[in-house]
Amino acid sequence: MIKAPHQPGAAYDGSFLPSVQGLRGIAALSVLMDHFYDMPKGGMYDIPNPGFLPPLWSWLQSVINVGGHGVELFFMISGFLIPASLVRHGSLSRFFFDRVLRIMPVFVILHLALFAIGPIVAYKFFRGIDLTSYLTIFAANLFFVQDALGLPIAQQNAWTLTYEWAFYIWFALTFSMWRVGGRLLAAPLILLGLACLMHWPITAFFCVGMLFSAIGFRISIPGPAGLLAGLACGVALYASLVLFHPFVGLVPGFLLFGMALAPESGLGKALSAPALQYVGKISYSLYLVHPFVLFPLQVIGLKLVAVGVDRWLLWAAFIGLGLVMSLVASAISYELIEVRLRRLLDGAIRGTLFRPMKIEQSA
């Protein structure tokens, strides 16, 4: 149910914002675009060159290669949505139950599929792996501690979920400590958060979303001028992340997100387009599923280029087929896992833990 528009000067109330949905779609498509560039080279899955990426202008390579920074958009969105979600749930147990229900089904199914098929196709770290290492890597990736243990990451894009879960836990505990004991009790966790910002600068983008969640400030530039301003900030954000430092990217990121949240701005209206709304709806599945779709196309492309098939033809087919197949697979994943399986799990488990409660809107 769509609630009343956000009131100026007030904290975000958890109402549905089409522009945020659209921005989520842009973030997922950005990462997909990056893999259209990276995977033909063999760089993403540790497959040796020659690769089938055709010779491109260096500036075009740079433009395409920044797509991986769509994750910073995801972090701003999470920082914006999670505070209101925690308040709406009213308890840590309900909040984390819905977080698990939202994040884990798609991830776990892909995790099981990867560890079942990976050894058969000798994918990456599965080559020559022993049983102990297999089980260790399986468990570490399942609980998102592979980086802390210095182990390989299984699902290539799932590294961001480690940051997401760390943010959920940190924010929920900090919020709870603040409400119970005020600044003094929350201070150690706040200092821990600041230390994390220094060590992992991209986590600062969670703070941009948190700021906009706490205040009613929005940047409304209507019409084509607003759309152009938003695009300029998007270009500046991606360029800052590549050429400078994530902290430099916070400025255009702040401006971009402020314009995206203003429903009457040119950027906000563009992000509310129906096509982007649908991509945003399936964006979580799209983000995790598309490497599984692109991998066999990558293997086929590397085999065909080795026998002399034109690189331009292979790359065009890789992008065209990869885009269509990724969207179709993600739509199926969304309907079967994110909607139906999630609803089934919710109905089977929630009643034993809590009083009946409507499933939360995806965040």
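Biologist: What should I know about the model and its numbering?

Modeller: The model is predicted, so local features need pLDDT of at least 70 and side-chain atom pairs count only at pLDDT 80 or more, while totals for chains, interfaces and linings use all residues. Residues are numbered from 1 along each chain as its sequence is written, and side-chain values use heavy atoms, with hydrogens and water left out.

Biologist: How many helices and strands are in the protein chain?

Modeller: Helices (H or I, at least four residues) and strands (E, at least two) are DSSP runs, numbered from the N terminus. The protein chain has 13 helices and zero strands.

Biologist: What radius of gyration does the protein chain have?

Modeller: The radius is taken over C-alpha atoms, and the globule rule is 2.2 Å times the number of residues to the power 0.38. For 363 residues a compact globule would be near 21 Å, and the chain agrees, with 21 Å. The C-alpha trace spans about 65 × 55 × 40 Å along its principal axes.

Biologist: At what angle do helix 4 and helix 6 pack?

Modeller: Axes are lines fitted to C-alpha atoms, for helices over the stretch in contact (heavy atoms within 4.5 Å). Angles run from 0 to 180 degrees between N-to-C directions; under 35 degrees is roughly parallel, over 145 roughly antiparallel, 65 to 115 roughly perpendicular, and the rest oblique. Here the angle is about 175°, with the axes 12 Å apart, so helix 4 and helix 6 are roughly antiparallel. Residues making the contact include Phe-95, Phe-96 and Arg-99 of helix 4 and Trp-165 and Tyr-168 of helix 6.

Biologist: How many salt bridges does the whole structure hold?

Modeller: Side chains of opposite charge can pair when their charged atoms come close. The criterion is a side-chain nitrogen of Lys or Arg within 4 Å of a carboxyl oxygen of Asp or Glu. The search finds four. One of them joins Arg-102 and Glu-338, with the closest N and O atoms 2.6 Å apart. This pair links helix 4 to helix 13 across 236 residues.

Biologist: Is Arg-102 buried or exposed?

Modeller: Buried means under 20% relative accessible area, exposed over 50%, partly exposed in between (1.4 Å probe, protein chains only). Arg-102 is buried at 7%, and Glu-338 is buried at 7%. By contrast, Glu-264, which bridges to Lys-269 at 3.4 Å, is partly exposed at 48%.

Biologist: Where do Arg-350 and Asp-346 lie?

Modeller: Both lie in helix 13, four residues apart, about one turn of the helix. Shared partners join Asp-98, Asp-346 and Arg-350 into one network of salt bridges.
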